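Please keep the sequence and the structure open while reading.

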Amino acid sequence: MSKVLIAGNWKMNGLTSDAAREATALAAGVAGVPHVHLMIAPPTSLIHPLRINLFERGIADRVAIGGQDCHANVNGAHTGDVSAEMIVDLGGSYVIVGHSERRTDHGEGDATVKAKAEAALRAGLVAVVCVGETEAERRGGETLDVLARQVSGSLPDGATVTNTVIAYEPVWAIGTGLTPSTDDIVEAHAGIRETAAGQIDDVANLRILYGGSVKPGNAAELLALDGVDGALVGGASLKAADFLAIAAAAPARN
Ligand code: PEP
């Protein structure tokens, strides 16, 4: 099986009716993408409904489910938060941590992201750790320094190539239709892998996803790039047909 992971982030979108409809659409097309791993991170409210819908359509083993965030603690007085253990309890096997919308909207820094990623590993989830520079940082020539700082500060202790995935998501490319040049993506992924090598053994096998305005129309070019082991997809993951078209564009990669 190739190591390529195509992950969808539904963000704060979707009701139970959407979970049922998307599961039906995924079931119709998933046989066409046997060469990649698929994961969808719906809102917490849909983790269980989506899981049930995938089971009912016989594709729960083909489409993993993830949370979009988790608290660092197992439980306690943290109104509105969800723990990694709760995501596991609902049938999740991944969790995204450190998404730029969490870093910006909720003031999460690298230490918080690292604590959340460690909570994910404690619960048995795969942590998808997001890093990425802002537009000002890119313009200032700081991209590689920012990525190195975020990777070394956010990766959990105990990270391995099986329990941790990194997503490179330039903040300015998320939801904007903009993407970095292909050279810039290759350079960023190489820099991330070099930093991660200090913390993860066998780093050649670490999955580093690209995220930021991935669509069916640009997926083949982006996913063929050196060091790109899949994609984290926001807007285009909301329609199963687009999500599957992105997956279909991915080369198999071991
Ligand atoms: C994201 O939010 O993780 C993302 C990559 O969004 P989009 O694909 O919409 O740019």
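How far does a polar side-chain atom of H99 lie from an oxygen atom of the ligand? In this model, which is predicted, a polar side-chain atom of H99 lies 2.8 Å from an oxygen atom of the ligand. The points below set that contact among the other residues around the ligand, and then turn to the helices.

**Ligand surroundings**

- There are 14 residues around the ligand, and those that come nearest are K11, H99, E169, G175 and S213.
- Sorted by class, the shell around the ligand is made up of eight polar, four nonpolar and two charged residues.
- On its own the ligand has 290 Å² of accessible area, of which the protein covers 95%.

**Packing of α5 with α7**

- Helix α5, which spans residues 110-123, packs with helix α7, residues 143-154, at an angle of about 40°, and their axes are 8 Å apart.
- On the α5 side the contact is made by D110, A111, V113, K114 and A117, while α7 contributes R149, Q150, G153 and S154.
- By class, this contact of α5 with α7 has three charged, three polar and three nonpolar residues.

Note on methods: Residues numbered from 1 in each chain as written. Predicted model: local features only at pLDDT ≥ 70, side-chain atom pairs only at ≥ 80, totals over all residues. Heavy atoms only, no water. Axes fitted to C-alpha atoms, helices over the stretch in contact; angles between N-to-C directions. Helix = DSSP H or I, 4+ residues; strand = E, 2+ residues; numbered from the N terminus. Contact = heavy atoms within 4.5 Å. Nonpolar A, V, L, I, M, F, W, Y, C, P; charged D, E, K, R; others polar. Near = heavy atom within 4 Å. Polar contact = N/O pair within 3.5 Å; in protein donor to acceptor, adjacent residues only side chain to side chain. Areas by Shrake-Rupley, 256 points an atom, 1.4 Å probe, with all protein chains shown as cover.
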